[in-house]
Amino acid sequence: MRRLLSAIESSPSRRFTAVAAAFCVGTGLGTVVSAPALAVLPIAAGLICVRRCRVLALPFLFLAVGFLRGAWPLPNFPLPEGEARIEGRVVGEVEQRLSSQRAIVADVRVDGAPTGAGRVLVRLPLYPRVRTDDRLSFSCRLQRPEPIGTFPYDRYLAGRGILAVCWRTFDHAATPAPAPSVPGIILALKQWLVHRLGFALPEPSATFAAGLIFGGSSGLDPELQDAFSRSGLTHILAASGFNVSLFSALFYGWAAERFGRRRAIVLSMVLVAAYSVTAGAGPAVLRAALMAAVVLAGSWMRRRADTANLLLFAAVILLVWRPHALLTDPGFQLSFLATVGLLVLTPAWEPAFRWLPKRFGIRESCVASLAATALTLPVMAWHFGAVSVVSPLANLFVLPLVPPLMALSGVALAAAIIHPLLGAVVGLPAWALAQFLLSAVAAFGALPFAQAAAPAWSAVPFTLLSTALIWHAAKRSSSSSPSSFVLLPSVSGNAA
Amino acid sequence: MWFFAVGQGDAVLVETPGGKHVLIDGGPDRTVLTKVGQTLPPWKRRLDALVLTHPDADHVTGLAAVLERYAVDVVYESGRRGGSGADRFLAEWDVRRESVRAGDTFELDGVRFDVLWPDYDPRAFASGNAASVVLRLTFGETSILLTGDIEKAEERALAAALPPTDVLKIAHHGSATSSDPAFLDAAQPAFAVVQAGEGNAFGHPVPLVVDRLRQRGIRLWRTDADGDVVLRAAGGEPILEARPLPF
């Protein structure tokens with residue numbers, strides 16, 4: 001303990017670690033307890049520490065701030081009785097599913113009366129199409145979201161500001177906004193690119209390739225989605241830290257040669273921000289984007305960031321925005337745990353896998369998959385009640401082929417932008433590889449032992465196992481891996 | 001010819017000997033894009049014709065999705081409009097449209113498409129189902145009857161002058177409102193195909209219809225149980241088999 005306090009006192013970097021970690025813990029406690037008045041306890045502890053153990057005063061203060069943020073009450077959203085006419089503005093990306101569209105509506109008015117804070121998640125028929133920024137109106141019987149099994153879907157949505165849902169709408173009509181917002185313009189561009197990709201590749205390859213590049217799998221057939229889940233490969237369809245690091249690294253390398261280092265840094269930051277919007281601004285993408293932004297800023301000042309602090313910085317920013325994500329958002333949990341696995345477990349485990357070839361990233365991919373899988377087991381068991389048994393093997397087989405498919409799809413997209421027919425011809429290699437990978441996913445998912453049931457209580461032993469693995473790995477290797485991690489992507493990054 | 005398993009809806013793709021493609025109905029969602037994407041050559045983004053039997057959402061929605069992705073030469077339809085957003089989308093899409101009536105015909109690579117129904121202004125029908133476009137396809141000696149969602153009254157009207165057919169696409173997903181015994185006796189199919197969704201809420205195809213087919217010795221293929229069904233014909237006896245597409 002004394003060594004820990006001494007480390008915090010002597011190093012500004014460790015002081016940040018302590019403060020950020022305290023904020024995260026406070027947020028988690030606050031969301032569980034939901035009693036803002038209890039924040040006086042860490043404040044009192046901090047005040048006591050000012051005299052006796054000065055180094056802990058600030059962490060206690062941030063513990064209190066985090067607690068207040070987590071315990072902050074959600075706005076009230078009165079539900080109308082019976083069917084009502086709902087109006088509002090579409091915010092964020094409209095999810096185009098196989099048989100419906102899903103939109104989030106803000107500035108909601110019920111039968112003409114404003115409701116104040118709170119958003120509505122609405123499922124709409126596929127047509128007419130709804131776009132970001134549209135003024136949307138529909139008739140519906142609003143409902144409160146409900147938990148799905150052990151997954152606190154209601155709290156997950158509440159954390160995103162969604163306090164009511166509507167699963168069956170009538171007479172929906174959308175009017176384009178007179179002046180689209182910046183996210184609206186970026187998302188419209190994304191929709192156009194995805195549409196163009198549809199000219200280059202037939203389905204389901206087009207949706208698969210779009211998922212790899214921009215994230216999202218809801219356009220795939222449910223059976224195929226299930227195969228991805230059973231084979232532990234759903235993460236490749238979620239826009240991930242890998243995408244951010246890959247695109248920012250490629251762009252930075254290209255821009256630095258032409259415009260110089262500093263301009264390349266600024267342009268890369270703009271690209272990362274734009275990509276984050278197109279990819280749906282999910283926790284994994286935002287985490288990677290925030291980490292990339294700090295690394296780029298550090299690169300401007302020719303300084304390297306501490307990797308653990310990078311991760312904590314991203315966590316703090318995301319939790320200030322959405323405090324409930326820590327305990328209710330599987331995307332947040334999976335992304336951060338997988339990243340911890342990559343940063344802590346991978347370097348410690350790699351020597352044990354020297355027998356695997358390095359060619360095509362096989363060794364790196366295998367170790368990274370195992371590391372990410374090991375640390376995400378508790379989340380899988382708790383939220384989804386199942387873990388993929390074939391995940392390491394499936395990832396080993398599929399992951400090395402994902403970057404080539406992304407590259408081929410990108411080329412096909414560029415050709416389709418020039419002319420749809422050119423896209424269809426240039427897209428043939430991407431189509432062939434996509435078909436091969438989808439067949440592999442379907443084959444892994446069809447194995448009778450592909451997935452094992454994991455009751456919610458098994459999250460406890462899995463958590464103990466994960467903790468032991470981190471403890472053991474941290475002892476064996478230094479956790480301070482190069483901060484260039486987010487700018488020098490590898491196949492392994494895909495899991496985060 | 002493919003009878004796609006697109007859930008509770010119809011979608012049939014006809015491929016002619018010369019590699020032309022006609023899609024008849026599109027099912028209730030975008031599943032048909034995956035089906036078409038796996039059956040057409042990977043470089044092909046053109047369909048020679050779409051046929052909309054009637055504008056209910058379980059027939060038209062997939063066609064709207066297809067129009068967004070594929071170049072289409074012509075859309076054949078009854079001309080009756082429905083109330084779904086997908087039908088409005090299709091009605092506003094910039095594509096050549098032709099309203100068809102009983103007696104109209106078109107031919108592609110020796111495959112003849114005869115329109116048997118509706119026999120008068122489709123807007124005058126009481127329901128959209130009753131105004132469904134009914135097609136009889138013939139290629140050599142092979143004949144296939146595609147019935148949309150017509151019901152017993154229309155079936156009886158057709159039965160009077162209906163030539164025997166090899167394959168019958170059962171009307172209205174095997175609902176009790178259709179597959180009248182007199183119609184089945186007139187059509188005398190050797191094979192029948194029902195397009196219905198697995199575990200659908202309507203119980204389609206209903207046991208009554210299944211029994212009628214069994215009593216007449218008609219071999220029934222069901223997309224809810226068999227998945228995608230493919231029909232091959234070289235102008236003689238057609239061969240049907242269940243061949244679920246991989247994705």
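Author: Gladly; what follows sets values against definitions, one label at a time. This is a predicted model, where local features need pLDDT of at least 70, side-chain atom pairs count only at pLDDT 80 or more, and totals for chains, interfaces and linings use all residues. Residues are numbered from 1 along each chain as its sequence is written, chains are lettered from A and ligands numbered from 1 in the order in which they are written, and side-chain values use heavy atoms, with hydrogens and water left out.

Reader: Why is A:K190 called buried?

Author: Buried means under 20% relative accessible area, exposed means over 50%, and partly exposed lies in between (1.4 Å probe, protein chains only). A:K190 has 5% relative accessibility, so it counts as buried.

Reader: What makes A:K190 and A:E93 a salt bridge?

Author: The term asks for a side-chain nitrogen of Lys or Arg within 4 Å of a carboxyl oxygen of Asp or Glu. Here the N to O distance is 2.7 Å, so the pair qualifies. The two residues are 97 apart in the chain: A:K190 sits in helix α6 (residues 182–200) and A:E93 in strand β1 (residues 84–96) of chain A. Helices (H or I, at least four residues) and strands (E, at least two) are DSSP runs, numbered from the N terminus.

Reader: How do you know that B:K44 and B:D48 belong in that class too?

Author: Their N to O distance is 3.7 Å, within the 4 Å limit, so they form a salt bridge. B:K44 is buried because its relative accessibility is 16%, and B:D48 is buried because its relative accessible area is 14%.

Reader: How many salt bridges does the rule give over all chains?

Author: The count comes to 21. One of them joins B:D10 and B:K169 at 2.5 Å, N to O, and both of these residues are buried. B:E77, B:R81 and B:D87 are linked in a network of salt bridges.

Reader: What makes strands β4 and β6 of chain A a pair?

Author: Two strands pair if DSSP finds at least two bridges between them. β4 (residues 119–124) and β6 of chain A have four bridges, in the parallel sense, so they pair. In β6(A), A:C166 is the bridge partner of A:V122. Strand β6 (residues 162–166) of chain A is mostly covered, with five of its five residues buried.
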